[in-house]
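Here is a short report on one chain. Look at the structure first, then read on.

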Amino acid sequence: MMFAFNTSAKLKQAAFFLLLVFVLFMLSPNHSWAQHFSDIERSAKLSNTEPKSGTRAIFPQRQADDLIVIAHRGASGYRPEHTLAAYRLAIRQGADFIEPDLVATRDGHLIARHENELSGTTDVADHPEFAARRTTKFIDGVATSGWFSEDFTLAEIKTLRARERIPEIRPDNTRFDNRFEIPTLAEIIDLVRREQRFTGRRVGIYPETKHPTFFAKEGRHFDGSAINISLGQLLIDELIALNFTDANRVFIQSFEVENLIELAQDIMPAAGVEFPLVQLFGDITDRFVQPQSSFSRPYDMVYNAQQGANLNAIYGGLNDLINITKTTGYSALANEAVLNYIANHYASGLGPWKNSFLLRDRLDQPVDGNGDGQAQINNQLNAQVHPFLSQAIAAGLLVHPYTLRAEENFLTLHPNGQAQSINGEVIQLLSLGVNGFFIDQPDQGILGRFLFERVNRD
Ligand SMILES: [Ca+2]
């Protein structure tokens, strides 16, 4: 007892002494650390967005035309996706952009979720107070059951906690389950700015409008009332309200076409901003179509054609080129004429599915690539590259393919039978001429890009 008391007293003395040293240290006028923090604080006060030049950074600021690493849903290989923890880790790993997918709440706030259906990545199913809100909706022509962001106020969303989406592949991430809130776009931009004060790096955001036709036209709340929210308008309004309008720090992406045309031709000009837009492409072989999936067809085209809408008014010359119908797929968009049209009329870039241009065949037997006894590689590259990649580059579009993932389940074999590494995949894509890529492990993307640039340095 006496021994414990003495130890405790000594610990207190030691703690006090350390505190005293620390305070004297920080008060020292010539101390560089104190100076460093006060410089950062001063520069942050002088300008909300510009840190003092020369603030030391582990990763140098990249220029606008550099190859970019886009943290897909944050560092989602290491933290549950679309959480501030995932985005923060991505920034600290050196990502140039972080990617929030955006859906809207009932009261019109933009939050980061890959889907408006919430049960795949949150604990909503464990909240008895929300049990009655479980329902089934058609999202982009696919019947989907669960709880939907548009039926919850932001205050209600804030009572939920995020969970790992693929726990069987990322078991380590489950230790973060039920710990993090669902972030708003405003909180994500605040994080970017806070991190900037300490690193000096002007990281950008790469938001995606999710299901814009559903939110603006087709979708209904749980009670049957129309949602009637333009995600594009909401996003632009919010970026302006948050004073995050540097066009070098924002890309806006969508799998749908109409909302990008609307952003380019109406919403952004009216608001006096001009962010680069990126047309995402899903599968171009019509293998994933409604009612099972919407990955092969831009849903706005499906919906507008079904509704008998004036397609010329919506799509202009694009409708002359491809004669849009309710079964028009990305396959109809993956050609030189359409890519030139996209480049000339509304987008700066293309976000293609890497599997749709770096072609691969299914293996008869899975292969164990890393020798851990589990055979998880299911595909092999067949050395063919779909021509729409070179057509997009020739059209002047930036190309940012998705999604690189380091786990063996997502890797592939080279044509020679060797297992591909995530860094090797980065190098291969950059060698094909892409300008950046979406990756779940930003640190591995940084490493791959570093190796590529070392090899190709003049
Ligand atoms: Ca293995």
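Helix H16 (residues 442–456) lies across strand S1 (68–72) and S15, at about 165 degrees to S1. Such angles run from 0 to 180 degrees between N-to-C directions, and axes are lines fitted to C-alpha atoms, for helices over the stretch in contact. Helices (H or I, at least four residues) and strands (E, at least two) are DSSP runs, numbered from the N terminus.

This is a predicted model: local features need pLDDT of at least 70, side-chain atom pairs count only at pLDDT 80 or more, and totals for chains, interfaces and linings use all residues. Residues are numbered from 1 along each chain as its sequence is written.

**Overall**

The chain holds 16 helices and 15 strands. Of its 458 residues, 41% are buried. Buried means 20 or more other C-beta atoms within 10 Å of the residue's own; exposed means 12 or fewer; partly exposed lies in between; C-beta atoms are placed from the backbone. Among contacts with a separation of 6 or more, 70% join residues 24 or more positions apart. A contact puts two C-beta atoms, placed from the backbone, within 7 Å.

**The sheet**

S1 and S15 belong to an open sheet of four strands, in the order S7-S2-S1-S15, with parallel pairing. S7 (204–205) and S15 (436–439) are the edges; each has a single partner strand, so one side of each lacks a neighbour in the sheet. Strands count as paired if DSSP finds at least two bridges between them.

| Strand pair | Sense | Bridges | Opposite residues |
|---|---|---|---|
| S1 and S15 | parallel | four bridges | Ala71 and Ile439 |
| S2 (residues 97–99) and S7 | parallel | two bridges | Phe97 and Gly204 |

The S5 and S6 hairpin has two residues between its strands, and Asp140 in the turn has a positive phi of about 55 degrees.

**The core**

The largest nonpolar core has 102 residues; Ile70, Ala90, Ala95, Phe97, Ile98 and Leu397 touch the most other members. Helix H3 (residues 84–92) gives the largest share, six residues. A nonpolar core is a set of buried Ala, Val, Leu, Ile, Met, Phe, Trp, Tyr and Cys residues joined through C-beta atoms within 7 Å. Leaving out residues up to four places away in sequence, Ala95 touches Val69, Ile70, Ala71, Ala90, Val203 and Pro442.

**Helix packing**

Helix H7 (residues 231–241) packs on helix H8 (residues 258–271) at about 35 degrees, with axes 10 Å apart. Among the H7 residues that meet H8 are Leu231, Ile236 and Ile240; their H8 counterparts include Leu263, Ile267 and Met268.

In helix H12 (residues 336–345), Leu339, Tyr341 and Ile342 are buried. They cover an arc of only 155 degrees around the axis, so they sit on the same side of H12. The arc is that of the directions from the helix axis to the C-beta atoms. Their cover includes strand S10 (277–280), helix H11 (317–322) and helix H14 (388–394).

**A loop residue**

Pro60 sits in the loop between helix H2 (32–46) and S1. Is Pro60 buried or exposed? Pro60 counts as exposed because it has 10 C-beta neighbours inside 10 Å. Pro60 and Gly94 are 34 residues apart in sequence and 8.8 Å apart in space, C-alpha to C-alpha.
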